Amino acid sequence: MTSLSSSPRTPALAPADPHALARLDRAALQTLVARAESAWQLAREVHPGLPRPRIWFDLRGRSAGQAHYQRGGLRFNATLLDENRAAFMEEIVPHEMAHWLVFHLDEGLRARPHGREWQRVMRGLYGLAPTVTHRFDVARASPMPYLYRCHCTQPHRFSARRHAGAQRGTRYRCRRCRGELDYAGYDAGDAVGQGGA
């Protein structure tokens, strides 16, 4: 394995063309697969035995991407991809490929998910700041239309899954006032959220 610290350059993926991405239809978004292939080829310069990850677009919720080691590949959120194409190509694909690479290194099983090994790959191999979370609008990907209230002025938004748990008897409390959250109604509007990459 080649050391990242001994590399004479800071390699990076060529920038994606945001105008071309905006013109792509859903079927043509296989561009992400080609981007992942480029990121994988770059990672193989460091770890020649790195297996090629399979790619799925079946991730749901607030996360943009996930390295899924048991399935042997990378999962991406198609809804967030459709709304944030350039950011996916520039940030999310290298972020997940960095996880894939670190997992396959000798010390990978002991490495923290966004620890120094992952950060070193992000900086040294992909030339990117090691950002852990994205700031995409997750309203369509992870709608949270169920409003719950406590003693605070701001309502709490629940996803369908959490709302179903509350309806089955699971009790939730506000982190600020520690008051129990009570169902207050349904609202189709949603806010920008922060999710994992």
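Guide: Two strands pair if DSSP finds at least two bridges between them; strands are DSSP runs of E with at least two residues and helices are runs of H or I with at least four, numbered from the N terminus. What you see above is a predicted model, in which local features need pLDDT of at least 70 and side-chain atom pairs count only at pLDDT 80 or more, while totals for chains, interfaces and linings use all residues. Residues are numbered from 1 along each chain as its sequence is written, and side-chain values use heavy atoms, with hydrogens and water left out.

Visitor: What makes β1 and β3 a pair?

Guide: Strand β1 (residues 54–56) and strand β3 (residues 73–76) are joined by three bridges in the parallel sense. At least two are needed, so β1 and β3 pair. Ile-55, for one, has Leu-74 of β3 as its bridge partner.

Visitor: How do you know that β2 pairs with β3?

Guide: Strand β2 (residues 65–68) has four bridges to β3, in the antiparallel sense, and that meets the definition. In the hairpin of β2 and β3, with four residues between the strands, Gly-72 takes a positive phi near 85°.

Visitor: In what order do β5, β6 and β7 form their open sheet?

Guide: The order is β6-β5-β7, with antiparallel pairing.

Visitor: What makes β6 and β7 edge strands?

Guide: Each of them, β6 (156–158) and β7 (182–186), pairs on one side only. On average, neighbouring strands here are turned by 35° against each other, direction ignored. Helix α6 (residues 160–167) packs on this sheet, touching β5, β6 and β7, and its direction makes about 55° with that of β5.

Visitor: Which bridge partners does Tyr-146 have in β6 and in β7?

Guide: Tyr-146 is bridged to Phe-158 in β6 and stands opposite Tyr-186 in β7. β5 and β6 have three bridges and form a hairpin with six residues between them. Strand β5 (residues 146–149) has four bridges to β7, where Asp-182 is the partner of Arg-149.

Visitor: At what angle do α2 and α4 pack?

Guide: Helix α2 (residues 31–46) and helix α4 (residues 85–104) pack at about 45°, with their axes 9 Å apart.

Visitor: Why is α2 called oblique to α4?

Guide: Angles under 35 degrees count as roughly parallel, over 145 as roughly antiparallel, 65 to 115 as roughly perpendicular and the rest as oblique. About 45° falls in the rest, so α2 is oblique to α4. The crossing is right-handed.

Visitor: Which residues of α2 and α4 make the contact?

Guide: Contact means heavy atoms within 4.5 Å. From α2 come Thr-31, Leu-32, Arg-35, Ala-36, Ala-39, Trp-40 and Ala-43, and from α4 Phe-88, Met-89, Glu-90, Val-93, Met-97 and Leu-101. By class, ten are nonpolar, one is polar and two are charged.

Key
Axes fitted to C-alpha atoms, helices over the stretch in contact; angles between N-to-C directions. Left-handed = near helix turned anticlockwise from the far one by under 90°. Nonpolar A, V, L, I, M, F, W, Y, C, P; charged D, E, K, R; others polar.
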